[in-house]
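This briefing goes through one protein structure by topic. Keep the sequence and the model side by side while reading.

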Amino acid sequence: VQLQASGGGVVEPGGSLRLSCAASGSIFNINGMGWSRQTPGKQRELVASIISGGSTNYADSAKGRFTISRDNAKNAVYLQMNSLKPEDTAVYYCYLVMKGGIYWGQGTLVTVSS
């Protein structure tokens with residue numbers, strides 16, 4: 001199973017970015033997909049997740065600003081990030097959970113700076 005994340009970049013505070021992640025390989029019975037992020041010296045933080053039934057969960061820091069969505073036909077997950085803040089700067093990793101384990105993408109860097 002491979003996950004390819006994209007959409008990171010440099011944006012000014014208050015701006016928006018949309019992250020995409022497409023999974024490929026032997027994929028079946030996905031339990032959920034989501035996004036985590038990590039900054040140097042800190043633990044990886046769960047940002048948002050979406051389970052197979054469509055229910056979503058967000059970190060407090062993401063509520064009201066980020067929206068996670070999923071395209072089941074494409075085995076893809078997206079993260080729309082609005083009103084970005086400098087503290088959102090991190091490497092964002094997508095992940096997929098299915099029977100057999102959790103799989104991670106390679107990460108995409110988001111930098112929020114003026």
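This is a predicted model: local features need pLDDT of at least 70, side-chain atom pairs count only at pLDDT 80 or more; totals for chains, interfaces and linings use all residues.

Which residue in β3 is the bridge partner of Leu3? The partner is Ala23.

- β1 (2-6) and β3 (17-24) run antiparallel to each other and are joined over five bridges.
- Ser20 has Tyr78 of β8 opposite.

**Nonpolar core**
- The largest nonpolar core has 29 residues, and the members that touch the most others are Trp35, Leu79, Met81 and Tyr92.
- Strands that each supply at least two residues of this core include β4 (30-38), β5 (45-51), β8 (76-81) and β11 (108-112).
- β9 gives the most to this core, with five residues.
- Beyond four places in sequence, the contacts of Tyr92 include Trp35, Leu79 and Met81.

- One aromatic pair is present in the structure.
- It is formed by Tyr95 and Trp104, and it counts as tilted because the ring planes are at 50 degrees, with the centres 5.2 Å apart.
- Tyr95 is buried, since its relative accessibility is 10% and the limit for buried is under 20%.
- Trp104, at a relative accessible area of 37%, is partly exposed.
- The charged end of Arg44 sits over the Trp104 ring, 4.6 Å from the centre.
- Arg44 also lies over the face of Tyr93, at 3.8 Å from the ring centre.

- Arg65 is in the loop between β6 (56-58) and β7 (66-71), whereas Asp88 is in the loop between β8 and β9.
- Both side chains belong to buried residues: Arg65 has a relative accessibility of 10%, and Asp88 has a relative accessible area of 1%.
- The side chains of Asp88 and Arg65 are joined by a polar contact of 2.7 Å.
- A polar contact of 2.9 Å links the side chain of Asp88 to that of Arg37.
- A polar atom of the Arg65 side chain is also 2.6 Å from the backbone oxygen of Ser61.
- Apart from residues up to four places away in sequence, Arg65 touches Gln80, Met81, Asn82, Ser83, Leu84, Lys85 and Asp88.
- With the neighbours within four places in sequence left aside, Asp88 contacts Arg37, Arg65, Phe66, Ser83, Val110 and Val112.

**Loop residues with positive phi**
- Asn75 is not a glycine, but has a positive phi of about 50 degrees.
- Asn75 lies in the loop between β7 and β8 and is partly exposed, with a relative accessible area of 22%.
- Ser83, also a residue other than glycine, has a positive phi near 50 degrees.
- Ser83 is in the loop between β8 and β9 and is partly exposed at a relative accessible area of 42%.
- Ser83 is among the residues touched by Arg65 and is also in contact with Asp88.

Technical notes:
Residues are numbered from 1 along each chain as its sequence is written. Side-chain values use heavy atoms; hydrogens and water are left out. Helices (H or I, at least four residues) and strands (E, at least two) are DSSP runs, numbered from the N terminus. Buried means under 20% relative accessible area, exposed over 50%, partly exposed in between (1.4 Å probe, protein chains only). A polar contact is a pair of N or O atoms within 3.5 Å; within protein, one must be able to donate a hydrogen and the other to accept it, and residues adjacent in sequence count only if both atoms are side-chain atoms. Contact means heavy atoms within 4.5 Å. A nonpolar core is a set of buried Ala, Val, Leu, Ile, Met, Phe, Trp, Tyr and Cys residues joined through side-chain atoms within 4.5 Å. Two strands pair if DSSP finds at least two bridges between them. Rings of Phe, Tyr and Trp (its six-membered ring) pair if their centres lie within 6.5 Å; planes under 30 degrees apart count as stacked, over 60 as edge-to-face and the rest as tilted. A charge sits over a ring if NZ of Lys or CZ of Arg is within 6 Å of the ring centre and within 35 degrees of the ring normal.
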